[in-house]
Amino acid sequence: MAVTRSAGAPMRDMKTVVSALAAHATRASEKLRQHGLVAGTMTVFFHTSRFSAGKPQHVASRTVKLTPMTSDARDLVRAVRACVEASWPQQGGPYAFAKSGVMLDDLVPEAERPRTLFDMADEGRGRSPAVMAALDAVNARFGKKTMVLGAEGTKRAWAMRAEHRSPRYTTRISDLPVVR
């Protein structure tokens, strides 16, 4: 399972990259919960545009094992932040990152996931699945991204631009032309 983006405004600082990746991780966790799955491994990547000749290039990718296996957005965002901090360029050059994403592996049904000693400790720290269920319920009732985690931020400067998108006649009934 992968969630990626590209073609938005370039991401130049760590906060913006983490914000974009947090949004991807949140969406991926939503999909996991919809299908009743948990993930055991997550890969986080971000890179500059390979088509920008003469500009500084940087490609970063980190994989982290999720223990215990989870579909909790808060755990995935915490792992995203750790991966970005570990792979951020040391020079901090003038990089303009063009694409970022998360990939989840080792997907298993929640009922079949291996239990660990830390499962009980997480429930005691407020890691209740009811919190994620409430988040999903609010977003299902009032629309996508009505309620988000704070790590996603309020401004989505990194979001894809779609002002000049052509109509989707073949995939959306609302975009069909009306003949009178």
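Tutor: Two rings of Phe, Tyr or Trp (for Trp, the six-membered ring) form a pair if their centres lie within 6.5 Å; planes under 30 degrees apart are called stacked, over 60 edge-to-face, and the rest tilted. The model is a predicted one, in which local features need pLDDT of at least 70 and side-chain atom pairs pLDDT 80 or more, while totals for chains, interfaces and linings use all residues. Residues are numbered from 1 along each chain as its sequence is written, and side-chain values use heavy atoms, with hydrogens and water left out.

There are four aromatic pairs in the structure. One of them joins Trp88 and Phe97: the ring centres are 5.4 Å apart and the planes stand at 50°, so this pair is classed as tilted. Ring pairs connect Phe46, Trp88, Tyr95 and Phe97 into a cluster. Phe97 has a relative accessible area of 0% and is buried (under 20%; over 50% is exposed, and values in between are partly exposed, with a 1.4 Å probe and protein chains only). Trp88, at 16% relative accessibility, is buried as well.

His58 sits in the loop between strand E2 (37-48) and strand E3 (59-70); helices (H or I, at least four residues) and strands (E, at least two) are DSSP runs numbered from the N terminus. With a relative accessible area of 18%, His58 is buried. A polar atom of the His58 side chain lies 3.5 Å from the backbone oxygen of Ser87.

On the H1 side the contact includes Met14, Val17, Leu21, Ala25 and Arg33; on the H2 side, Ala73, Val77, Val80, Val84 and Glu85 are among the residues involved.

Another loop, between strand E4 (97-105) and strand E5 (108-109), holds Asp106. Asp106 is partly exposed, at 43% relative accessible area. Its side chain makes a polar contact with the side chain of Thr41 at 2.4 Å; such a contact is a pair of N or O atoms within 3.5 Å, and within protein one must be able to donate a hydrogen and the other to accept it, residues adjacent in sequence counting only if both atoms are side-chain atoms. Beyond four places in sequence, Asp106 touches Thr41 together with Val38, Ala39, Gly40 and Met69. Met69 is 37 residues from Asp106 along the chain, with 8.8 Å between their C-alpha atoms.

For the chain as a whole, the secondary structure comes to four helices and five strands, and the elements run β-α-β-β-α-β-β-α-α from the N terminus. Of the 180 residues, 37% are buried. Among contacts between residues at least 6 apart in sequence, 79% join residues at least 24 apart.

How values were computed: Contact means heavy atoms within 4.5 Å.
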